[in-house]
Amino acid sequence: MIKNYIKTAFRGMMKNKGFTFINVFGLALGLATCMLIVFYVYDELSYDSYNQKADRIYRVNNDIKFGGNANSYAVSPAPMAAALKNSFPEIEQVTRFRTGGGLQVRKGNQLIQEWMVTYADPTIFDVFTLPMIEGDPATALKEPHSVVLDEQTARKYFNSTDVVGRTMTFNDTALYKVTGVIKNIPIQSHFNFNFFLSMSTLNESRNNAWLSANFQTYLLLRPGGNYKILETKFPSFMTKMVGPSLESAAHLNMTQFEQSGNYVRINLAPLRNIHLHSNRVAELGANGNIQYIYIFSAVAMFILLIACVNFMNLSTARSSNRAKEVGVRKVLGSQRKNLITQFLFESVFITFIAAAIAVFAAYALLPAFGQLSGKQLVVTPHIIAWLVPLLAVAVLVIGCLAGSYPALVLSAFQPIEVLKGKLSSGFKSGFLRSFLVVFQFAISIFLIIGTLVIYNQLRYIHNKDIGYDREHVLMVNNTTSLGSAGAVLKQEVSKLAGVQIVSTSDAVPTWNYGNSNTLFKSQVIDTKNALNTQIWGVDENYLGALGMKLMDGRNFTPQMATDSSGLIINETAARQLGYKNPLNQILYVPQDATAKVLKPYHIIGVIKDFNFRSLRENVTSLVFTFKPSDNAFIVRFKTADASLLISQIKTKWHEVAPNSEFSTSFMDRDFEALYQAEQQTGKVSVAFTSLAIIIACLGLFGLAAYAAEQRTKEIGIRKVLGAKVSNIVAMLSKDFIMLVLVAIVVATPLAWWLMHNWLQGFAYRQEIQWWVTALAGFTALAIAFITVSFQSIKAALAKPVDSLHGE
């Protein structure tokens, strides 16, 4: 019986090759696209799941409001970890990271810059799952000047993992003993360090400064612990621990501090939530965004729905042509249950073929999709273990739904009625098909509007005046390693042809972070007189190198000794300080974490606000001090041959630092990298929207061909009676165009509402323009008309004699 069903299914497929191709190809394309998105979503959701105790690990977050500004940090004070463990018995273990830039590692005569470096407590191996290949995790990071490497780093420097006891030289001065080698950390981790230096090496790790936060702090709860209950105990804990420091520095207890509108709070972030739900200052890497997971999941569902709708639409439309077959089979003795089984089997069989094609297509397209989405996607045995059963269920469900109409409806027809030709259904009688066409085009229009909004916002970000000029600016990296040679390099680079200005500073806007401190308007420390702000040390060339506009006052100059205590503030800082004329006003800057020593500074200038954080956030206060630093080396150039200039700078670099690694980047590209997630989302959205439209058009093409076939004789008669080709095309197209118009009305408000909410995540945004919805609607109409017209014109051009010769 099964063999007979397969023969019948193949015979039907070969008899209607066009419909078979549209059915199978459309469904396969939808399933393949859905699988690719599932791989992406699974990859994002699996971050940090490699940790065996992941469900008990939490990061301590720090929320601070003081001096008019509120900030959310992923770092905590140095004593936080020990204090938490000593105060709460439900905490099994704690550990800390302290990052602070990279280091230079000597390999022979070469100094190699490494950035994935952190100081770590020895308890890191009790909290995180970091399998050790060589060494003892219990003692590996206990002693000062010890280091644990990952496997790839050990091979990079020693060509072996058997390196315990070997010595490494960092920054050309510090000697560290290798005490362990761990397996490479999985890519799906919110931290991916190559070097773990012992925390005991760092004096800062032992201080008791509760008002300075620089340490990523993690805790491991005991089995059965509830982090929400633990969080309720934190306010009293913070009052006990931070209160004395506040009283010493600000002469306020915690109650008075909070009554003045300020706060210092901590909360816990579950480890597996960090990658998709956290966007705080001092994150250990670029995190994802749960919104994009929702978007991509919805897109996958929409595309699969469109593909399934197509499959069911064409299956039900074509099934009416088999009414006579059903009548003949019933006359010959076939029972209804046999007909139901046959139709369901054929539908499931075709779905299985489409699913098989989809699996091979998804596997083949995985590398290209990974490149498009910026991820390294791989198919693991764990993915296969749940994907295969899920795909099998999908084949059964889709196949049974698509085959349900012919199986249940046609099998119930009376043979005498069918054979007399009284049961023929054209396009107009198919309310279900009309509804499904509206449904799939509504989804397509929704995706078009979403894609246009995302790209419009990206274009707005790219073109917005952000207050500084990032074009033709070259960043020379790793300059902290040059020491006094940095000043020599600055002089030599300034002499090169095409170089306009060279500047050095603490930070640049594209770094998205900098040093923060609190300034006071008087020597009396009071929350009303405080301004919590970013403070960057810059030289006299900084404003010119980045094209920043001075709104009032003057720039720094080495010729004025008093500029060593001068400040340039931005417009936001001036507003928050409440100064109508901020020039020459005195501000007091704490010289240490206790704020017991205040140094007076005077304001010499005010610069126009510029975005030094993501455009998702409003501009906050910023202060420049005249303190040249070698953290950032900025070169503004004007030359058509940037590669030649880089080569010349490299030559100068090796003259002053022959063994140090040289690297550069362009500031405009660094800026674009800040919005990499949005750019990748835009690219993926375009790709998937295009696929959704293609799938929808395949279905529309098939339905148009079916409608034209059903009305062949009518078209022939109309032509005999003098109808023009344009009249026939209009007659065949209007039903479909009306359905697309209905889809536009349904999809536009919903798409506008959802994308409007997405835009609220940006402090600076381009509101949805009327032309976006108009363009989406016009595009859908144009695509639908072109698709339908192809079949309509073909039918209208057919000779009447061919369609009427049997009459």
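**View A. In strand 12, Leu197 is the bridge partner of Val147.** This close-up comes from a predicted model in which local features need pLDDT of at least 70 and side-chain atom pairs count only at pLDDT 80 or more, while totals for chains, interfaces and linings use all residues. Residues are numbered from 1 along each chain as its sequence is written, and side-chain values use heavy atoms, with hydrogens and water left out. Strand 9 (residues 146–150) pairs with strand 12 in the antiparallel sense, through 3 bridges. Strand 7 (residues 117–120) also pairs with strand 12, here in the parallel sense and over 4 bridges. Look for Thr118, whose bridge partner in strand 12 is Phe196. Strands are DSSP runs of E with at least two residues, helices are runs of H or I with at least four, and both are numbered from the N terminus; two strands pair if DSSP finds at least two bridges between them.

**View B. Strand 12 (residues 195–198) is covered on both faces.** Phe195 and Leu197 are buried on one side of the strand, and Phe196 and Ser198 are buried on the other. Buried here means under 20% relative accessible area, exposed means over 50%, and partly exposed lies in between (1.4 Å probe, protein chains only).

**View C. Strand 10 and strand 11 form a hairpin with 3 residues between the strands.** Strand 10 (residues 167–170) runs antiparallel to strand 11 (residues 174–182), and 4 bridges join the two. Within this pairing, Thr167 stands opposite Lys177 of strand 11. Follow the chain to Asn171 in the hairpin, where phi is positive, near 55°.

**View D. Thr161 sits in the loop between helix 5 (151–158) and strand 10.** Is this residue, Thr161, buried or exposed? Thr161 has a relative accessible area of 12% and therefore counts as buried. Beyond its neighbours within four places in sequence, Thr161 is in contact (heavy atoms within 4.5 Å) with Ile133, Glu134, Glu151, Ala154, Arg155 and Val181.

**View E. Asp539 lies in the loop between strand 18 and helix 17 (542–545).** With 1% relative accessibility, Asp539 counts as buried. The side chains of Asp539 and Ser503 are joined by a polar contact of 2.6 Å. A polar contact is a pair of N or O atoms within 3.5 Å; within protein, one must be able to donate a hydrogen and the other to accept it, and residues adjacent in sequence count only if both atoms are side-chain atoms. At 3.1 Å, the side chain of Asp539 also reaches the backbone nitrogen of Tyr542. If neighbours within four places in sequence are set aside, the residues in contact with Asp539 are Lys490, Val502, Ser503, Thr504, Phe626 and Pro628.

**View F. The largest cavity has a volume of about 70 Å³.** A cavity is a set of points on a 1 Å grid over the protein atoms alone where a 1.4 Å probe fits but cannot get out, and its lining residues have an atom within 4 Å of a point. Grid points are joined across faces, edges and corners, and the volume is the space filled by probe spheres set on the points. The count comes to 5 cavities of 30 Å³ or more. Around the largest cavity, look for Asn69, Asn71, Asn532, Thr533, Gln534, Arg613, Thr620 and Ser621. Strand 2 (69–73) and strand 18 (530–538) each supply at least two residues of this lining, and strand 18 gives the largest share, 3 residues. By class, the lining has no nonpolar, 7 polar and 1 charged residues. Here Ala, Val, Leu, Ile, Met, Phe, Trp, Tyr, Cys and Pro count as nonpolar, Asp, Glu, Lys and Arg as charged, and the others, Gly among them, as polar.

**View G. The second largest cavity holds about 40 Å³ of space.** Its lining is made up of Phe441, Ser444, Ile445, Ile448, Ile693, Ala696, Cys697, Ala780 and Ile783. Helix 15 (431–463), helix 21 (676–710) and helix 24 (770–797) each bring at least two residues to this lining, and helix 15 gives the most, with 4 residues. The classes here are 8 nonpolar, 1 polar and no charged residues.

**View H. His472 and Asn584 are residues other than glycine with a positive phi.** Most residues other than glycine have a negative phi. For His472, in the loop between helix 15 and strand 15 (473–476), phi is near 55°. His472 is partly exposed, with a relative accessible area of 45%. For Asn584, in the loop between helix 18 (571–577) and strand 21 (586–590), phi is near 70°. Asn584 is exposed, with a relative accessible area of 60%.

Methods:
1 Å grid on protein atoms, 1.4 Å probe; cavity = no way out; pocket = protein on both sides within 12 Å on 5 of 7 lines; lining within 4 Å.
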